[in-house]
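Here is a friendly briefing to read with the model open beside you. Please take a look at the structure first, and then we can walk through it topic by topic.

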Amino acid sequence: MSGPFYRCPELLIAGRWRTGRGDRSHTVVDPATAEPLGELRLASAADLQEALSAAGLAFEAWRQVPAHERCARLERGVARLRAQADEIAALLTAEQGKTLAEARAECLMAADLIKWYAEEARRVHGRVLPARASQSRMDVLRLPVGPVAAFSPWNFPLVLSARKLGGALAAGCSIILKAAEETPASVAAMVACLAEELPEGVLQLVYGVPAEVSKALIESPVIRKVSFTGSVPVGRHLAQMAAGQLKRITLELGGHAPVIVCEDADVASTVAMMVAHKFRNAGQACLAPTRFYVARPLYRDFLEAFKAAADDLRVGPGHDPRSQMGPLANARRLQAVQDLMARSAACGAQVLTRTGNLPSGGFFAAPTLLADIAPDAPAMVEEPFGPIACAMPFDTLDEAIGLANRSDYGLAGYLFTDSARAILAVSQRLEVGSLAINGIGVSVPEAPFGGLKASGWGSESGIEGMEAFLEPRFTHYSVPQDHDRRHKT
Ligand SMILES: NC(=O)C1=CN([C@@H]2O[C@H](COP(=O)(O)OP(=O)(O)OC[C@H]3O[C@@H](n4cnc5c(N)ncnc54)[C@H](O)[C@@H]3O)[C@@H](O)[C@H]2O)C=CC1
Ligand SMILES: O=Cc1ccc(S(=O)(=O)O)cc1
């Protein structure tokens, strides 16, 4: 949909929208056609230094703004974001590929996340400790950590940016966001909604050469906190850089979510829920259900129902209201998904996929189930980040939990059962940050979202997500010993 409505955005630096002054640009591509949408001009080193100076100055002012006013300003930004959801969704679909319905839902989820953080700003309070001496007081304040450098990816550009923006701004931090160059316009539109309500320099948006931007920002003494969502190798690299500077970092690095379907589960409703959730955004979600461990008595029925539901999904351009699944976001994802499928099939997995044609021209892939797959086949180990689900049967719950925990990842997990015994065992022993039982709700604004093992460090959203942008300050103050004599009180 390379329509005239799409324009690559400018950068927001020190309160001014202006084009990047670097000598490089990035071609933004429509994933449904593989046609270019526009050229994004990237930041120069001087642009980044200007943003850093502005972030440092803006922080000193923003931290002084009372929490009630920070909340009110963010809530006005959220209202604008909601009012513009249709326009922003059209930009997101054009540059990312997801369906318009998904894009609109993402915009509203981003609004909900920022709204929750804004409200939470009014509940950030400290505590008073019993003082150790008379005429003294001991308290603990929770203060904003300082200017934040945030890096968000292209798969859910609004939601995954909003988790960082909402927390930092509500806590009283300034923030420089480097969002993904592949999907710049939707994030710029969201940032514009918020920035309208904020003093200049509090919220800045840059696009650039990713490695150059992260190095410049993380190594700058201005930045006090780093937050990244993306792949494990890049997360590891940024963690090393942040460690070198002794800076705090939050990492959300993807997942490979297990789904345990017990013998008492209802196959039809489980499959309906999981197929919709798996193939949302063409499977490019860190919380996508991926490894299905199904109780052996249900296994064949499960495969049949899953394949039928996956085959029924209408794959097409995101802007077509009939489409239920859009293309993958870029050519390298399509290549990676095809490669993963071929390597897994070579290891003996049975490939259950549609035989009919897919739309031509864009980065379309078919929803696919890899059945009877070995626990160490490539798709069971590597995050597919695409429309690939894997299934194998299990005989005992212990076996299913053991198989589920074999992954290096530990972000989201799903369980389908009515059995209290199974619920207790899985909720205690499954190595994940979020677990949904008989549902899909692993991510809500008021709960922490974060992973174990290679899935990351720390949490976003919920009070834990807010805490990541705060630091404690213990203050112990006493009336001077000669105060009474000097003041004759
Ligand atoms: N947790 C999540 O939601 C995401 C996970 N991924 C994982 O990464 C895999 C590969 O996707 P790619 O886009 O090829 O991954 P990638 O790690 O190369 O890129 C992910 C994001 O990180 C940014 N990035 C890359 N190098 C950077 C650097 N040195 N400093 C700062 N930012 C940098 C990119 O601009 C992009 O927005 C996916 O298959 C998936 O497994 C990717 C995107 C989001
Ligand atoms: O990729 C990570 C991801 C994607 C979506 C969501 S949400 O369900 O929209 O909150 C959370 C994380």
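Let's begin at Val 202, which sits in the loop between helix 6 (184–195) and strand 9 (203–206); helices (H or I, at least four residues) and strands (E, at least two) are DSSP runs, numbered from the N terminus. This is a predicted model, in which local features need pLDDT of at least 70 and side-chain atom pairs count only at pLDDT 80 or more, while totals for chains, interfaces and linings use all residues. Residues are numbered from 1 along each chain as its sequence is written, chains are lettered from A and ligands numbered from 1 in the order in which they are written, and side-chain values use heavy atoms, with hydrogens and water left out.

**Val 202 and its surroundings**

- Val 202 counts as buried because its relative accessibility is 1%; buried means under 20% relative accessible area, exposed over 50% and partly exposed in between (1.4 Å probe, protein chains only).
- Leaving aside neighbours within four places in sequence, Val 202 is in contact with Ala 58, Trp 62, Leu 169, Cys 173, Ser 174 and Ile 175, where contact means heavy atoms within 4.5 Å.
- Val 202 and Arg 137 are 65 residues apart along the chain, and 33 Å separate their C-alpha atoms.

**Domains and the nonpolar core**

- The chain is divided into domain 1 (11–253 + 455–474) and domain 2 (257–437), with bounds that come from an automatic or database domain assignment.
- Taken over C-alpha atoms, the centres of domain 1 and domain 2 are separated by 31 Å.
- The contact between them takes 20 residues from domain 1 and 29 residues from domain 2.
- Ile 260 and Tyr 414 touch the most other members of the largest nonpolar core, which has 162 residues; such a core is a set of buried Ala, Val, Leu, Ile, Met, Phe, Trp, Tyr and Cys residues joined through side-chain atoms within 4.5 Å.
- Helix 4 (residues 100–121) gives the largest share of this core, 10 residues.
- Both domain 1 and domain 2 give residues to this core, so it lies between them.
- As background, nonpolar side chains tend to be buried together in soluble globular proteins.

**Ligand 1**

- There are 26 residues around ligand 1, and Trp 154, Ser 214, Ser 231, Arg 332 and Glu 383 come nearest; a residue is counted here if one of its heavy atoms lies within 4 Å.
- Glu 383 places a polar side-chain atom 2.4 Å from an oxygen atom of ligand 1.
- A backbone N or O atom of Gly 254 is 3.2 Å from a nitrogen atom of ligand 1.
- Of the 800 Å² of accessible area that ligand 1 has on its own, the protein covers 86%; these areas come from the Shrake-Rupley method with a 1.4 Å probe, and for residues only the protein chains shown count as cover.

- Among the residues around ligand 2 are Met 109, Asn 155, Arg 163, Cys 286, Ser 443 and Phe 449.
- Oxygen atoms of ligand 2 lie 3.1 Å from a polar side-chain atom of Asn 155, 2.8 Å from a backbone N or O atom of Cys 286 and 2.6 Å from a polar side-chain atom of Ser 443.
- The protein covers 95% of the 320 Å² of accessible area that ligand 2 has on its own.
- Ser 461 lies in the loop between strand 21 (456–457) and helix 15 (462–467), and it counts as buried because its relative accessibility is 0%.
- The side chains of Ser 461 and Arg 163 make a polar contact at 3.3 Å; a polar contact is a pair of N or O atoms within 3.5 Å, and within protein one must be able to donate a hydrogen and the other to accept it, while residues adjacent in sequence count only if both atoms are side-chain atoms.

**Positive phi values**

- Most residues other than glycine have a negative phi.
- Gln 135, in the loop between strand 5 (127–129) and strand 6 (136–144), has a positive phi near 60°, and counts as partly exposed at 48% relative accessibility.
- Phe 385 has a positive phi near 45°, and is buried with a relative accessible area of 15%.
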